[in-house]
Amino acid sequence: QVTLVESGGGSVQAGGSLRLSCAISPYTSCTYDMSWYRQAPGKERELVSVIDMTGKIRYADSVKGRFTISRDQAKTTLYLQMNSLKPEDTAMYYCKLDRAYGGYWCQANVWGPGTQVTVSS
């Protein structure tokens, strides 16, 4: 079973920065569309950003210009660079394999356990 593990969350003052990482293991021959989601208490889980198998990127309007999604060359680690953080960015952040390509062994809809981001004013 493929496993995702997020890291890099923490507490930061408004205007600060954090970089989240999502490690994918084990290595497979699969290609994925991957996303970052977040969920604040009492709110619906929302899509923050997605990078598809071709490298095409989309961002939620609320984070455009502040967050950057990227993936390493081997596509084993997903990143989310978060700058100019605001209190409304406070949430649990999750990475996800949205879609998988390559064969029956390629798993889709896999979630990491999440990493907490707290932004204070």
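A disulfide is counted here as a pair of cysteine sulfur atoms within 2.5 Å, and by this rule the count comes to 2 disulfides. The structure is a predicted model, in which local features need pLDDT of at least 70 and side-chain atom pairs count only at pLDDT 80 or more, while totals for chains, interfaces and linings use all residues. Residues are numbered from 1 along each chain as its sequence is written, and side-chain values use heavy atoms, with hydrogens and water left out.

**The chain as a whole**

- The chain holds 0 helices and 11 strands, where helices (H or I, at least four residues) and strands (E, at least two) are DSSP runs numbered from the N terminus.
- For 121 residues, a compact globule would have a radius of gyration near 14 Å, and the chain agrees with this at 14 Å; the radius is taken over C-alpha atoms, and the globule rule is 2.2 Å times the number of residues to the power 0.38.
- Taken along the principal axes, the box filled by the C-alpha atoms of the chain is roughly 45 × 25 × 20 Å.
- Buried residues make up 42% of the 121 residues, where buried means under 20% relative accessible area, exposed means over 50%, and partly exposed lies in between (1.4 Å probe, protein chains only).
- Among contacts between residues at least 6 apart in sequence, 56% join residues at least 24 apart, a contact being heavy atoms within 4.5 Å.

**The disulfides**

- A disulfide is a covalent bond between the sulfur atoms of two cysteines.
- The link of Cys22 and Cys95 is right-handed, with 55° about the S-S bond. Cys22 lies in strand β3 and Cys95 in strand β9, so this pair ties together parts that are 73 residues apart in sequence, and both Cys22 and Cys95 are buried.
- Another disulfide joins Cys30 to Cys106, with an S to S distance of 2.1 Å, and the link of Cys30 and Cys106 is left-handed, with -90° about the S-S bond. Because Cys30 lies in the loop between β3 and β4 and Cys106 in the loop between β9 and β10 (110-111), the pair ties together parts that are 76 residues apart in sequence.
- Cys30 is buried, with a relative accessible area of 11%, and Cys106 also counts as buried, at 11% relative accessibility.
- When the bonded cysteines of the chain are numbered in sequence order, the pairing is 1-3, 2-4.

**An open sheet**

- Strands of a sheet pair through backbone hydrogen bonds, either parallel or antiparallel; here two strands count as paired if DSSP finds at least two bridges between them.
- An open sheet of 4 strands has the order β1-β3-β8-β7, and its pairing is antiparallel. The edges are taken by β1 (3-7) and β7 (67-71), each with a single partner strand, so one side of each has no neighbour in the sheet.
- The twist averages 15° from one strand to the next, with axes that are lines fitted to C-alpha atoms (for helices over the stretch in contact) and angles that run from 0 to 180 degrees between N-to-C directions.
- Strand β1 is joined to the antiparallel strand β3 (residues 18-25) by 5 bridges, and Glu6 stands opposite Cys22 in β3.
- Thr77 lies in strand β8 and is buried, with a relative accessible area of 16%. When its neighbours within four places in sequence are left aside, Thr77 is in contact with Ser21, Cys22, Ser70, Arg71 and Asp72.

**Salt bridges**

- The structure holds 6 salt bridges, a salt bridge being a side-chain nitrogen of Lys or Arg within 4 Å of a carboxyl oxygen of Asp or Glu.
- One of them is formed by the side chains of Asp33 and Arg99 (3.7 Å, N to O). Asp33 lies in strand β4 (residues 31-39) and Arg99 in strand β9 (residues 91-101), so the pair ties together parts that are 66 residues apart in sequence; Asp33 counts as buried, at 6% relative accessibility.
- The side chains of Asp89 and Arg38 also meet in a salt bridge (2.9 Å, N to O). This pair links distant parts of the chain, with Asp89 in the loop between β8 (77-82) and β9 and Arg38 in strand β4, 51 residues apart, and both Asp89 and Arg38 are buried.
- Lys64 and Asp61 form a salt bridge through their side chains (3.1 Å, N to O), and Asp61 is exposed, with a relative accessible area of 65%.
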